[in-house]
Amino acid sequence: MNWLLGLFEPGHALGLLAYSPPGWGGPLLVGLAHTMEVAVGAYILGTVIGVMGAYGKLYGGPVTKDLMAVYTTCVRAIPELIEILILFYLVPEVVNQVLTGMGYGRIDLPPILVGTVVLGFVLGAYMTEVLRGAILAVPHGQVEAARAYGMSALQVARRVTLPQMLGYALPGMANLWLNLTKDTALLAVIGFNELTETSLQAGGTTKAFMLFFTAAGVLYMVISVASGRLFAMAERWARRGQPGIRGGGI
Amino acid sequence: MKKQILALAAMAAVAVSGVAQAKTIKVGVAAEPYPPFSTLDSSGKWSGWEIDLMHAICKDQHLDCVVKAVAWDGIIPALNAGQIDVIMASMSITKKREKVIDFSNKYYVTPAAVVAPKSATYKATPEGMKGLTIGVEIGTTNQAYAKKFFGKTATLKTYQTQDQVDQDLAAGRIDATIADQFALEGFLATPSGKSCCKLVGVLPYDNETLGTGIGAGFRKSDSKLRAEFNKGIADVRKSGEYDKITKKYFNFNIYGN
Amino acid sequence: MKAFFAPMMKTHRLVLLALAVAFFGWLWWTLDWSWLPDYINNGLILAGLWTTIWMLVVSWAVGLFLAIWLGLAQASGPWYLALPAKGFCSVIRGTPLLLQLWFFYYGLGSVFPEFPWIRQSAAWEILRQSWPYALFALTLSFAGYEGEVMRGAFLGVPKGQLEAARAYGMSRGTILRRIWLPQAIRRVLPTIGGETVMQLKSTPLIATITVLDLYQVSLHIRQDTYIIYPPLLLLALTYMVITGLIVLLFRIVENQVPSKLG
């Protein structure tokens, strides 16, 4: 019954969650910060890959199209955990082999950077599909009209396609963001001290597993609810001026 | 894909080339507490016998060493991929491991032992532990030992970390664990170990599976660092620093003969 | 077959195909695969595959059953059912599965033995093992995600259908069985196909609580042999094949059910 007493004894529970040592509140917040850093970095990288991938899939040459199809199919068919595991060792090795091959010394890739790159690479495959669908949803007549005005391809993308597709893409992008924040937990398996790994370390040291897993769960819920709100606001903004197809809700 | 990796490599190289200039030695420890050899406190600081010894060796050899926690089951790949430079995680020197990494000379040696809940009445022999569920940590010499001598008569359950084995032993989800004797004594000295479990027996030593002692691991290409560590180990042994550190954690000799 | 091969016959595809074959050939020749026969012969790979598959199938079936009730409660239940169902789905979907697994196994699992009556009961023999926690967490996770999907599916069935059924004098149970549920399921079949692949990709996480699934087997091989990439590559390939089979299976089922919706 220790855990139960521990939970309801304010001094004890608060002591374990206190910000400064011997409390574990500080490390938990550091873990949360790591989670957010990796998630934001991977999301930016994944979106960049996604935009390139979507355009490559739609307007690229036959080889680009096929390569993109291989990338999105393979990445989405293999468990993220295994992709992370393979790439986590492969990326630094390849980087260092390239560097030593070019005559430079080995470098140290911080796990946070490798984790971000790996998650961004995986997210890129999903983002490609979401953005491709959104670009296709923009009525073709609009693109043709823009072209008729003499806009260049870049101008068409910047002024017509991208702003319009954002409304269609945002629900999918919101889902990917929520999945990504949870996928950062997979980095725990390779010992990266993000939120989930930190809560396991705290639980292992203090044996108050329930307390720390619950605390971590609450923090994840806060991220989830807050970002859900933000994305809903963004979607409303992106859909401004559009006829309310879905905006009104059921 | 290759092109992308190359591009990322170039990006990453630019991003961290500044860091790479400083010559720090990254010493990899397993990411979970392994008392009394390495434990983590809530300020993120690692301490313990092995950590103290590491600092002593590094100080002796004028090396700038930092501790880096890595998942135990990926610690050898992490070394070979260059994420760490040294493994100091109570790793036994075995023939099999020597195929992929190099070791320093041993810096301590421990037999395997059996720890079980207080209610246990059996002997620490394959016959005595027939039909029981024994927890072992994956990728350890003890797992190999348990497989060789207990695998036929008992059920082996493998865990990612010894900390998890201890946890499940305290929870009564396994009947026993086979692990390094000194680490198990460290566990038995903790409150949860004290209240749940006892040492059933020390197992006869087996060179094939348990190896020839515990050493630090290095990349095969890193013979210079290995030589420095060997010198460092010899120096701290001679200067009495080794015994001073040991006295803080043990009341007996853990170096062996 | 022709339909499959014809698009393959373009020159650039042939070149890409040749490159892919060369790549796999290179993997086969340069990497060390000598461990493979041992682990096939000692049955470890097959045992892992079996665990992965039955975990997937059971958690899928039970999870979907729960999801129907969760969806129904949210779509048309009274507030005291709708609110907990909504809360459950939000928490499951808002936190990582890895955390949920560890919560049940290390958290809940270390609480049970504190109660002597659990420890002395017959159920303890099951509760002390790790697979019940894995199955429990996987099932709840699938139920949470699909509960949300089913909510949308129930709401998507046109009101006229239900009103017509009521006009025929059908009871609530009959309406659910004959009209509402079949139409809702038909609507979400493609979604569920995708979610099943997601569920498959979640199963390796149970290895972190000592269940001997396919992924755990690859960890064993890696630890025994110190060979890093080949076991992981084989593992990735195996999951791709299972994913392909799931996609195929759902395509067949989708073709079986009439696609015309009311």
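I started with strand S1 (residues 25–30) of chain B and looked for its link to strand S5 (residues 86–92) of chain B: two bridges join them, and the strands run parallel. This is a predicted model, so I keep that in mind throughout. Within that pair I checked B:Gly28 and found B:Ile87 of S5(B) opposite.

Next I wanted the whole sheet. Which order do the strands take? In chain B I read S4-S1-S5-S12-S6, five strands in an open sheet with mixed pairing. I noted the edges too: strand S4 (65–70) and strand S6 (102–103) of chain B each pair on one side only. A reminder to myself: strands of a sheet pair through backbone hydrogen bonds, either parallel or antiparallel.

The mean pLDDT is 88, with 91% of the residues at 70 or more. I flagged residues 14–22 of chain B, where the pLDDT is below 50; leaving aside near neighbours in sequence, I count six contacts for this stretch in the model.

Over to chain A, for a helix pair. I looked up helix H3 (residues 25–59) against helix H10 (residues 209–238): they pack at about 35 degrees, and their axes are 11 Å apart. I put the crossing of H3(A) and H10(A) down as right-handed.

Which residues meet there? From H3(A) I listed A:Leu28, A:Leu32, A:Thr35, A:Met36 and A:Tyr43, and from H10(A) A:Phe212, A:Ala215, A:Leu219, A:Tyr220, A:Ile223 and A:Phe231. Sorting the residues of this H3(A)–H10(A) contact, I get 10 nonpolar, one polar and no charged.

Notes
Residues are numbered from 1 along each chain as its sequence is written. Chains are lettered from A and ligands numbered from 1 in the order in which they are written. This is a predicted model: local features need pLDDT of at least 70, side-chain atom pairs count only at pLDDT 80 or more; totals for chains, interfaces and linings use all residues. Side-chain values use heavy atoms; hydrogens and water are left out. Axes are lines fitted to C-alpha atoms, for helices over the stretch in contact, and angles run from 0 to 180 degrees between N-to-C directions. Helices (H or I, at least four residues) and strands (E, at least two) are DSSP runs, numbered from the N terminus. A crossing is left-handed if the near helix is turned anticlockwise from the far one by less than a right angle, and right-handed if clockwise. Contact means heavy atoms within 4.5 Å. Ala, Val, Leu, Ile, Met, Phe, Trp, Tyr, Cys and Pro count as nonpolar, Asp, Glu, Lys and Arg as charged, and the others, Gly among them, as polar. pLDDT is the predictor's confidence in each residue, from 0 to 100. Two strands pair if DSSP finds at least two bridges between them.
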